[in-house]
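I opened this entry to keep track of what I looked up, one topic at a time. The notes follow the order in which I went through the model.

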Amino acid sequence: MDTRDTREKIVIIGGGFAGLNLVKRLDKKKFNIVLVDRNNYHSFPPLFYQIASSGLDPDSICFPFRREMQKDKAKGTRYHMGEVRTIDFARKEVVTQFETLPYDKLIIAAGCTNNFFGNPDMIKYVYTIKTASEAMRCRNEILERLERACLTHDMELRRKLLSFVVVGGGPTGVEIAGALGEMKRDIVPREYTSLKPEEITITLLEGSNRLLSAMSPQSSEDAKEYLKRLMVDVRLGKIMKSYDQNVVTLDDGSTIYSESVIWTAGITGITFELKGADIRLAPGNRFAVDDYNRVKGLDDVFAVGDIAYLPTEHFPRGLPQLAQVAIQQARLLAEQINKGDFGKTFVYKDKGSMATIGRNLAVADLPKGHISGFFAWLIWMFIHLISILGMRNKVSVLINWIWAYFTYNTSLRLLLHTTRYPLRSRWGEH
Ligand SMILES: Cc1cc2nc3c(=O)[nH]c(=O)nc-3n(C[C@H](O)[C@H](O)[C@H](O)COP(=O)(O)OP(=O)(O)OC[C@H]3O[C@@H](n4cnc5c(N)ncnc54)[C@H](O)[C@@H]3O)c2cc1C
């Protein structure tokens, strides 16, 4: 770091929807800005399920930070790779596995990770799709199972290989279950010709009495009907109690054998070792912020996006953990930091929510009402396409989708594993 630089140092933890919008909008002449992210790319979580189901490749929805920093709006920001492990509020430092970074102002935008509800060991046994890497792991598992099932005539073994359980009936659970259903209906008969679609079972477990509980009852009903069409066994009011020796046990005592459980049941804020201040995290491991996105009880520390906790009259349990919230918070915060004036309170403008279940099948709750089916699906595609970063990525996704729509083919069902050797752990891994 240049010691003659007199600009205030801003460190942003996380280059997701919130972090990247800050990078684009903060005044680089006024501030010396460092973006720290554990990955060297920005990614687009709403389409992770398409990576997991071989609909898209990661490079269509991920974008390297260093290229982003070349663009006019972001130029002047420095990207540092690193996973922030400790934040020392007294010394005004963040510590990654590689370095210690001092700050004058800190913006925490590290998002969330999977929540295993008090059973952290679950991470060792279930598949998750909260990052591009997790989605790739899930994709390989699905493809490997299909290949292995093709190699055996033992029906019991095939049944075991092809039993998929998705836990959680929120948007991600519904979307991945729908994508698996499409594989079962459209891809298996074409490409895995020695298998019969009915040999594959996809069970979606949801603890409450409806899918997509954050959306309208009509969206929940439509999603359930669409999943039925895709041969997904939707079980409502069922909570997974344990997962042991490949057996999922539900709260009613019933069991399902599955070697591949995909867990989408909950999220919790990324955690850090917090030093130098007595900070109590809010529900969901989030940082409680005021209406200006300042972390309560701390000076010069802000939190935006999924990791911020801001209850409002409409959302008494905190604003929803959605891309639009992260983007809108980041935009206002950048404006206020640039001006040095925190006069405007944050008000979330709800633009609606949507989920897709399969081709021509989506549900959307828009400010003007609920729509479903083909038009909802078109809107879903349009909104996601314009939100993906980078023209190359937009074009690549569009071509993939059009190609897949008309031919049912994507060239993505490649099983690529990392090699075992050389025996060297990743940098910074314990
Ligand atoms: C599978 C999935 C589907 C979704 N679908 C939708 C949808 O359809 N519509 C919608 O509105 N929202 C959706 N969401 C939610 C949406 O993605 C989030 O609300 C949004 O990404 C939040 O933005 P953020 O900037 O707070 O966090 P993120 O976008 O998650 O970004 C956090 C960044 O911080 C980095 N990071 C994390 N920990 C550290 C660390 N310790 N040190 C350094 N860097 C770190 C991460 O690598 C990441 O780049 C979905 C989320 C997932 C996971």
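Burial first: I call a residue buried if 20 or more other C-beta atoms lie within 10 Å of its own, exposed if 12 or fewer, and partly exposed in between, with C-beta atoms placed from the backbone. The model is predicted, and I took local features only at pLDDT of at least 70 and side-chain atom pairs only at pLDDT 80 or more, while totals for chains, interfaces and linings use all residues. Residues are numbered from 1 along each chain as its sequence is written.

**Strand β12**

I looked up V167, which sits in strand β12; helices (H or I, at least four residues) and strands (E, at least two) are DSSP runs numbered from the N terminus. Is V167 buried or exposed? V167 counts as buried because 23 other C-beta atoms lie within 10 Å. I then listed its contacts, two residues being in contact if their C-beta atoms, placed from the backbone, lie within 7 Å. Neighbours within four places in sequence aside, V167 touches L205, M240, V261, W263, T264 and A265. From V167 to H417 I noted 250 residues in sequence and 25 Å in space, C-alpha to C-alpha.

The strand as a whole (residues 163-167) is mostly covered, with five of its five residues buried. In a regular strand the side chains alternate between the two faces of the sheet. In β12, S163, V165 and V167 point one way, F164 and V166 the other way, and all are buried. I count two strands as paired if DSSP finds at least two bridges between them. β12 pairs with β13 in the parallel sense over five bridges, and V166 has L204 of β13 as its bridge partner.

**Helix α8**

I found S219, S220, D222, A223, K224, Y226 and L227 buried in α8. Which elements do the buried residues of α8 pack against? They pack against α7, β13 (201-206), β14 (233-236), β24 (353-358), β25 (361-366) and β26 (369-372). Just after α8, M231 has a positive phi of about 65°.

β15 and β16 run antiparallel and are joined by four bridges; S242 has T249 in β16 as its bridge partner. The two strands form a hairpin with two residues between them. Q245 lies in the loop between β15 (240-244) and β16 (247-250), and its phi is near 50°, positive in a residue other than glycine. Q245 is exposed because it has 7 other C-beta atoms within 10 Å.

β16 also pairs with β17 (residues 255-257), antiparallel, over three bridges. T255 in β17 is the bridge partner of T249. The hairpin of β16 and β17 has four residues between the strands, and G253 in it takes a positive phi near 90°.

**Other backbone geometry**

F117 is not a glycine, yet has a positive phi of about 45°. I placed F117 in the loop between β10 and β11 (127-128). F117 is exposed because 12 other C-beta atoms lie within 10 Å. The peptide bond from Y421 to P422 is cis, with omega near 0°; P422 is in the segment after α11 (391-407).

**Domains**

The chain divides into domain 1 (8-114 + 268-339) and domain 2 (120-265), with bounds from an automatic or database domain assignment. Their centres, over C-alpha atoms, are 32 Å apart. The contact takes 14 residues from domain 1 and 18 residues from domain 2. On the domain 1 side, α2 and β10 (112-114) each supply at least two residues, and α2 gives the most, with five.

**Ligand**

How many residues surround the ligand? I noted 33, the closest being G14, G16, A18, G111 and G305; a residue is near if its C-beta atom, placed from the backbone, lies within 6 Å. α1 (17-25), β2 (31-37), α2 (48-52), α7 (171-191) and α9 (323-339) each supply at least two residues of this shell. Domain 1 and domain 2 each give the shell at least three residues.
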